[in-house]
Every structure is written in structure tokens, then in C-alpha cells.
Amino acid sequence: MNRKVDIRMALPDDAADILEIYRPFVTGTVVTFEELVPTVEEFRQRIKTVLEEAPYLVCEIDGVIVGYAYASAYRTRASYRWNREVTVYINPDFQGMNIGTALYTALIAMLRMQHYGNLLAVVTLPNEGSARLHERMGFKACAVFNQVGYKMNKWHQVGWWELALADPDEKPLEPVLLKDIDDNIVWDKIMRDAADLVKI
């Protein structure tokens, strides 16, 4: 049976389905340092906030959301505006299908088109799978912070990875916010091509 894979922009109404993927990472792991599961309304607002400026993508298989990735703001001072912090979560039942690679492939291409210059990823250590994914996508490890998160009765390290999208010797173009993008034809092709990378 052929299964249908789609990568598309998230909608605020996807909040409940996306939260169900995120929930077990909050309650049962140190992958996130969040300790209380957000409400659906809180999660809906997070999606809306990201979508004002940058992509928030979901991967669907046969109409069911199985993974998501987004690029949130990195700090608020003006000179940081070329940076985005990227995040990806996959339903554990669907790991090993290249979904993270597919989502990041689309996300990075879109952020590059928006003129963002540097992407940052934060990973609780150890996490070999996440480290491999980021390095496969071109990220380079750049820092380790010790004892910055206390969860599940233990201190944890986090590693930082970075991916430069801009030439450091050139003045960057101003980022184009997602709400100001109108070239949906190109963006739709990026998402379709990325969906072809999922192995089902």
C-alpha cells in the first residue's frame, strides 16, 4: 500500500496534535528542560508567534502529524536578528524514517531564502542521534554548557551546534519575515522535494 507523505506549514489548529508528540519528551525525558506540559492554547500561541517570522513545519504520513520542526527567535536585541534557533521533534514510533532530515532540509532552504545568516541548535547531552542529525545537515559543534539544566534529579549538559548560511565577509541582507513572503510556488516545491526524502 502506498503511503502519502506531506511536509507543510503548521497551522495554529495543529497545536493539539503537535503537543501530543512533544508531551512525552516533557514528562519522560531530558530532551527538553520544560517540566510542565503546556496547554493546547499555550502551544497554539507558540506556533503563531514563530509563524510571524519563520517556518514551523509538520510532516504528515497519511494525514497524521508524525514530526515537526521550527525556527524560533534567538534573543531580542537587534543585532541578533539574523539568527534562528532550530528545533525538531519526531514521534518515536516513526524514527528511523529520515523525517528529521526531510524537515530540516525544507526548513534550512526556507531560512536561507529569508536571508537568515546563522542557525543554532541546542541539544541535551548525551544525544548521539540528534548530534548525528545536525552534523549530517552541516551543523558544527561549537560549545558545551555544563550543569545548566536540572531535571529528573540530575544536572545535565547541553551542546550547541551552529550552521552558517551567510558569507561572514559580506554585509547581510535584511531578513524577510514569513508573513511578508509571497512566493508560495517556490516554497511549496521545497516542501514537496523534502517530503520525497522520507523513507516509508
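Predicted model: local features only at pLDDT ≥ 70, side-chain atom pairs only at ≥ 80, totals over all residues.
Me: How do helix 1 and helix 2 pack, at what angle and how far apart are their axes?
Reply: Helix 1 covers residues 15-28 and helix 2 covers residues 40-51. The angle between them is about 100 degrees, and their axes are 9 Å apart.

Me: Parallel or perpendicular, then?
Reply: Roughly perpendicular, because angles of 65 to 115 degrees count as such.

Me: Which residues meet there?
Reply: From helix 1, Ala 15, Ala 16, Ile 18, Leu 19 and Tyr 22. On the side of helix 2, their partners are Val 40, Phe 43, Arg 44, Arg 46 and Ile 47.

Me: And how does that contact divide by class?
Reply: The contact of helix 1 with helix 2 has eight nonpolar residues, two charged ones and no polar ones.

Me: Changing topic. How much space is in the largest pocket?
Reply: About 1100 Å³.

Me: What lines it, and which residues lie nearest the centre?
Reply: The lining of the largest pocket comes to 43 residues. Nearest its centre are Val 31, Thr 87, Val 88, Tyr 89 and Ser 130.

Me: How many of the lining residues are charged?
Reply: Five, alongside 25 nonpolar and 13 polar residues.

Me: What about the second largest pocket, what volume does that have?
Reply: The second largest pocket holds about 190 Å³ of space.

Me: Which residues line it?
Reply: Trp 82, Asn 83, Gly 117, Asn 118, Ala 166, Asp 167, Pro 168, Glu 170, Lys 171, Pro 172 and Leu 173. By class, the lining of the second largest pocket has five nonpolar, three polar and three charged residues.

Conventions
Residues numbered from 1 in each chain as written. Heavy atoms only, no water. Axes fitted to C-alpha atoms, helices over the stretch in contact; angles between N-to-C directions. Helix = DSSP H or I, 4+ residues; strand = E, 2+ residues; numbered from the N terminus. Parallel < 35°, antiparallel > 145°, perpendicular 65-115°, else oblique. Contact = heavy atoms within 4.5 Å. Nonpolar A, V, L, I, M, F, W, Y, C, P; charged D, E, K, R; others polar. 1 Å grid on protein atoms, 1.4 Å probe; cavity = no way out; pocket = protein on both sides within 12 Å on 5 of 7 lines; lining within 4 Å. Points joined across faces, edges and corners; volume = space filled by probe spheres on them.
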